[in-house]
Amino acid sequence: MKTNVWKINPMRVDAHMDEINQAAYLLQQQEVVAFPTETVYGLGADATSEQAVHRIFEAKGRPSDNPLIVHVAESSQVENLVTDIPESAKKMMASFMPGPLTIVLESNGTCAKNVTAGLSTVAVRIPDHPVALALLKASEVPLAAPSANRSGRPSPTTADHVYQDLNGRIAGLIDGGPTGVGLESTVVDCTSDMPVILRPGGITRQQIEDAIGAVMVDPALASTEEKPKSPGMKYTHYAPEAPLWLVDGSDEFFIDQLRNLERDGKRIGIIASNELADQLPQRRVIACGSRNNLKEVAVHLYSALREFKKADVDIILGEAFSEEGYGEAIMNRLQKAAVKKLNQF
């Protein structure tokens with residue numbers, strides 16, 4: 001299969017409507033098209049077509065028992081997919097949509113069964129990206145769109161990442177430049193009296209609680225036993241090519257672990273904060289941002305996980321971050337990506 005690639009300036013979408021319409025036509029023909037959102041690149045297909053959605057799973061090499069997020073262009077379209085929108089969900093929609101928030105509501109059956117993975121619920125969001133919104137409007141269908149990567153790989157934050165994983169496996173790719181948030185949307189289940197965060201992401205728990213009051217965090221986030229209600233809950237995700245070891249402790253502890261591995265002849269790659277990276281000259285280090293700006297770390301995390309290749313390093317040592325604010329989502333992804341954790345305490 002030939003993968004058509006369109007390069008679109010997100011600041012001048014109106015000048016690229018021919019390309020947008022070409023991509024939208026492919027979606028209307030039940031094909032799969034990757035496109036940028038404010039979080040990561042999504043792999044879109046008509047959410048009402050079981051055949052089209054099946055092509056997402058084929059392209060990703062992913063089992064179809066994990067639900068997908070449905071993207072729409074405006075709030076009124078959410079109503080077309082669900083039986084009811086509780087007051088808590090309405091408040092979150094008003095506060096955070098368009099934006100990196102997904103709400104889980106009771107489905108009215110409009111979406112294909114393989115979108116909801118047989119559940120009675122559907123996960124919906126409105127992306128905050130001009131290219132994504134233009135594509136949704138032009139295609140005139142809700143788009144099921146998980147991250148546009150091969151299953152198990154780190155999520156893509158550039159079109160190059162998508163091309164590396166999916167060239168020849170999908171019909172189209174819209175290159176809208178790098179994404180902004182860098183981590184997937186926060187997923188909140190609104191089907192119970194108390195909203196439950198199923199996946200931390202681009203909207204923090206504190207931001208949600210400021211808008212609607214107390215929420216719960218699903219204790220089963222790391223469980224592989226339950227049927228997942230949210231993407232990112234069941235399988236190992238976000239893994240780089242080389243094994244990732246997560247190091248939780250002081251800078252001195254991190255450096256000690258690094259030196260021990262280097263003495264054993266291991267080739268080490270490092271993903272760290274700017275503060276730790278400054279202490280590690282002449283080593284293979286990717287600095288993701290400051291500990292004092294975890295939003296910046298989130299933006300660069302997936303690119304860092306993709307940077308190190310198995311041929312170049314034996315082990316990647318990753319710095320553990322505070323779980324406050326955006327750190328909750330960062331650590332959720334790092335813990336899922338890691339094969340081992342070294343704890344100082």
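Q: What makes the crossing of α1 and α6 right-handed?
A: In this predicted model, the crossing of α1 and α6 is right-handed, a label given if the near helix is turned clockwise from the far one by less than a right angle.

Q: Why are α1 and α6 called oblique to each other?
A: Helix α1 (residues 17-28) and helix α6 (residues 130-139) pack at about 55°, with axes 9 Å apart. Angles under 35 degrees would count as roughly parallel and 65 to 115 as roughly perpendicular, so α1 and α6 come out as oblique.

Q: How do you know which residues of α1 and α6 meet?
A: Contact means heavy atoms within 4.5 Å. By that test, Ile-20, Asn-21, Ala-23, Ala-24, Leu-27 and Gln-28 of α1 meet Val-131, Ala-134, Leu-135, Ala-138 and Ser-139 of α6. Sorted by class, that's 8 nonpolar, 3 polar and no charged residues.

Q: Which residues make up the contact of α4 with α8, and how do they divide by class?
A: From α4 come Ser-88, Lys-91, Met-92, Ser-95 and Phe-96, and from α8 come Gln-207, Ile-208, Ala-211 and Ile-212. They divide into 5 nonpolar, 3 polar and 1 charged.

Q: What is the handedness of the crossing of α4 and α8, and at what angle do they pack?
A: That crossing is right-handed. Helix α4 (residues 87-96) and helix α8 (residues 205-212) pack at about 115°, with axes 9 Å apart.

Q: What makes Lys-340 count as lying over the face of Trp-245?
A: The cut-off is 6 Å from the ring centre, and Lys-340 lies at 4.1 Å from that of Trp-245.

Q: How many aromatic pairs does the structure hold?
A: The count is 0, with ring centres within 6.5 Å needed for a pair.

Methods:
Residues are numbered from 1 along each chain as its sequence is written. This is a predicted model: local features need pLDDT of at least 70, side-chain atom pairs count only at pLDDT 80 or more; totals for chains, interfaces and linings use all residues. Side-chain values use heavy atoms; hydrogens and water are left out. Rings of Phe, Tyr and Trp (its six-membered ring) pair if their centres lie within 6.5 Å; planes under 30 degrees apart count as stacked, over 60 as edge-to-face and the rest as tilted. A charge sits over a ring if NZ of Lys or CZ of Arg is within 6 Å of the ring centre and within 35 degrees of the ring normal. Axes are lines fitted to C-alpha atoms, for helices over the stretch in contact, and angles run from 0 to 180 degrees between N-to-C directions. Helices (H or I, at least four residues) and strands (E, at least two) are DSSP runs, numbered from the N terminus. Angles under 35 degrees count as roughly parallel, over 145 as roughly antiparallel, 65 to 115 as roughly perpendicular and the rest as oblique. Ala, Val, Leu, Ile, Met, Phe, Trp, Tyr, Cys and Pro count as nonpolar, Asp, Glu, Lys and Arg as charged, and the others, Gly among them, as polar.
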